[in-house]
Amino acid sequence: MTDDAPDPVARQATGGKIDSFPSMQRTVPPQPCAGAAPPRNIVSEVVISGTGLYQPPYVITNAELVESYNAYAERFNRQHAEQIEAGTVQAMPLSSVEFIEKASGIKQRFVMEKEGILDIDRMYPRFQERADDQLSLMAEIAVDAGRKALAQAGKQGSDVDAVLCSSANMQRAYPAMAIEIQQALGAGGYGFDMNVACSSATFAIEQAANAVRSGSARCVLVVNPEITSAHQEWKDRDCHFIFGDVCTAVVVERAEQATSADQWEVLGTRLATQFSNAIRNNFGFMNRSEDSDPDARDKTFRQEGRKVFKEVVPVAAAHIESHLQSLGFTPQQVRRFWLHQANQSMNQLVIKKLLGTEPTADVAPLILDRYANTASAGSVIAFHEYRSDLKSGDLGVICSFGAGYSVGSVVVRRK
Ligand code: CO8
């Protein structure tokens, strides 16, 4: 499938014109444009009133990463020289800073722990196991980002009546991370975890907006703790440079109770999924019973990067366009796109398809050069860092796309 020839299933489902994944669900009804009366079933206007960011303490530059990976690969090749010569073992190829920067746009990544990742006898982070009565690591970074988002929204933990922990991987099976975070913040109501890989944040924002609209919650905290370094494959040249750690948080609440100086009306959300094995991680609770090797390659992140690129770009662009259209907007009316941060060229192509012009950092800011791909948190980091210059009435789109496949968009307007 090429970039210009999107998935035939999607084409068929939309009568020849690609709209989005065929299984697309629109759980939030289209919102009216200015001047029109709101549909009767909309209970409350919903705003995003604060965001927060936890930045891990360590940076790994591409040069440091490549030096470590290449030392590992060269040692492997020396140790297996005879088998490589005989053709029974494949030599490990070397990585390069030039390739990483050209292919992805990534220059560095933040990580929770650095020494273990760069140690060629280990090549994954070294975390200390914590006792059950200690705050877990994912909860710790979520609480930090959550507190910052609440401070921006002018809220206390006790104002929150729902916590959604939405991330590409959870630290444990249960109890839900969200409930631990809820307790640590002194929040009430309920909490639950959810995972839609790179689209976890936008999917959670829709759940939060729906909860506020329906009245099941008044103030929802969405947190996206992404400790990608623990499930990234640092020994694989094709993907060792991709991910970074971070945590983002978003406060979603009823407009009438919001006091923040910086409020973003949620005009609509739209989610879509379509099954694909192109990005996959088979780690899970069945591994033991299957007697499978816990260190096998399929138990960490793997992908067919080029396939993902080609298949997801047209779907993401069509998804955004049709979502905007359903709200009565054109892409040209959007002041800023805060896109998923996996690949610089991918985002440029999405914007080119939407606007027909060369993208600028002003229209679609990039943060992946500093943070790398932070799974679900990427588009929220972009929203967090690049929104203060927008004016009242300016329109923006937060959009994620990735494993699943999954695409989620949130159309917002500055109050
Ligand atoms: N150094 C030097 N050469 C390399 C390297 C390297 N590090 N890596 C690959 N090469 C080589 C390849 O072997 C290939 O060589 P040859 O032509 O001889 O076969 C050549 O370079 C080109 O390789 P690719 O075709 O793979 O390179 P691309 O230009 O496609 O770039 C990318 C690779 C950067 C991975 C690119 O395809 C990409 O970014 N694709 C989009 C991926 C994407 O968006 N994925 C979303 C995943 S994230 C997500 O959904 C969340 C998952 C859950 C989180 C998990 C956290 C751990």
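1. The model is a predicted one, in which local features need pLDDT of at least 70 and side-chain atom pairs count only at pLDDT 80 or more, whereas totals for chains, interfaces and linings use all residues. Residue numbers start from 1 along each chain as its sequence is written.

2. On its other pairing, β7 is joined to strand β1 (residues 46-54), again in the antiparallel sense and over 8 bridges; Gly50 has Val251 as its bridge partner, and Gly52 has Ala249. Of the 9 residues of β7 (residues 246-254), 8 are buried, so the strand is largely enclosed by the rest of the structure; buried here means that 20 or more other C-beta atoms lie within 10 Å of the residue's own, exposed that 12 or fewer do, and partly exposed that the count falls in between, with C-beta atoms placed from the backbone.

3. These strands belong to an open sheet of 9 strands with mixed pairing, ordered β5-β4-β6-β7-β1-β8-β13-β12-β11. At its edges stand β5 (190-194) and β11 (336-339), each with a single partner strand, so one side of each is left without a neighbour in the sheet. The twist averages 25° from one strand to the next, with axes taken as lines fitted to C-alpha atoms (for helices over the stretch in contact) and angles running from 0 to 180 degrees between N-to-C directions.

4. Strand β8 (residues 264-273) is mostly covered, with 8 of its 10 residues buried. It runs antiparallel to β1, to which 2 bridges join it, and Ile48 stands opposite Trp264 of β8. With strand β13 (residues 406-414), β8 pairs in the antiparallel sense over 9 bridges, and there the bridge partner of Trp264 is Arg414.

5. Lys155 deserves a separate look; it is found in the loop between α6 (137-153) and β4 (162-166). It is counted as buried because 22 other C-beta atoms lie within 10 Å. Leaving aside neighbours within four places in sequence, Lys155 is in contact (C-beta atoms, placed from the backbone, within 7 Å) with Leu150, Val160, Cys219 and Val251. The C-alpha atoms of Lys155 and Val251 are separated by 9.1 Å, although the two residues are 96 apart along the chain.

6. Beyond its neighbours within four places in sequence, Ala142 is in contact with Cys165, Ile181, Val223, Pro225, Cys247 and Ala249.

7. Around the ligand there are 30 residues, of which Cys198, Gly305, Ala342, Asn343 and Gly402 come nearest; a residue is near a molecule if its C-beta atom, placed from the backbone, lies within 6 Å of it. Helices α4 (97-104) and α9 (305-326) each supply at least two residues of this shell.

8. For the chain as a whole, there are 12 helices and 13 strands, and buried residues make up 45% of the 415 residues.

Notes. Helix = DSSP H or I, 4+ residues; strand = E, 2+ residues; numbered from the N terminus. Contact = placed C-beta atoms within 7 Å. Pairing = 2+ DSSP bridges.
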